[in-house]
Amino acid sequence: MWVFLVGDAVGFGVLLAGYGAMRATSGDWPNPYSVLGINLTALMTFLLICSSVTMVKGLEWLGKGDRTRAVQYLFFTALGGAIFVSLQAYEWSHLIHRGLHINQNPWGPRCSGPRSSWSPAFTACT
């Protein structure tokens with residue numbers, strides 16, 4: 001279990017460090033406020049925190065033997081999850097409409113050459 005947790009932490013740490021390095025060395029990243037705004041992200045974060053709290057409360061009431069309250073809190077957890085998934089669908093459809101693709105950063109430089117940054121031919125960016 002500890003090997004999994006440490007491996008997961010290292011993996012996410014490497015991804016975050018790579019993102020930070022790319023973001024710090026590139027001057028052509030979009031302003032987050034001009035794409036979707038921070039309010040939607042803050043709302044989704046708040047929704048996830050509330051959903052976690054309702055799940056814990058549901059388990060607490062289940063442990064106390066009150067099945068009715070446990071089901072009530074689990075319903076609120078499911079409702080929060082459904083709202084979160086709906087907001088994710090809105091966010092991604094908005095980003096795709098603005099030009100986001102899986103193989104290209106629409107706000108970054110356009111490169112004509114192989115998609116690998118390890119290739120010497122990757123320098124043909126506009």
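A contact here means heavy atoms within 4.5 Å. On that basis, among contacts in the protein between residues at least 6 apart in sequence, 40% join residues at least 24 apart. The model is a predicted one: local features need pLDDT of at least 70, side-chain atom pairs count only at pLDDT 80 or more, and totals for chains, interfaces and linings use all residues. Residues are numbered from 1 along each chain as its sequence is written, and side-chain values use heavy atoms, with hydrogens and water left out.

The secondary structure comprises four helices and zero strands, where helices (H or I, at least four residues) and strands (E, at least two) are DSSP runs numbered from the N terminus.

Of the 126 residues, 17% count as buried; buried means under 20% relative accessible area, exposed over 50%, and partly exposed in between (1.4 Å probe, protein chains only). The accessible surface comes to about 9,600 Å², of which 71% belongs to carbon and sulfur atoms, by the Shrake-Rupley method with a 1.4 Å probe.

Let me turn to helix 4. Helix 4 covers residues 67-97 and has 31 residues. From first C-alpha to last, helix 4 reaches 45 Å, close to the 45 Å expected at 1.5 Å a residue; the expected span is 1.5 Å times one less than the number of residues. Its buried residues are Ala70, Thr77, Gly80, Phe84, Leu87, Glu91 and Leu95. After helix 4 comes glycine 99, with a positive phi near 115°.

Finally, leucine 5 lies in helix 1, residues 2-25, and is partly exposed, at 36% relative accessible area. Thank you.
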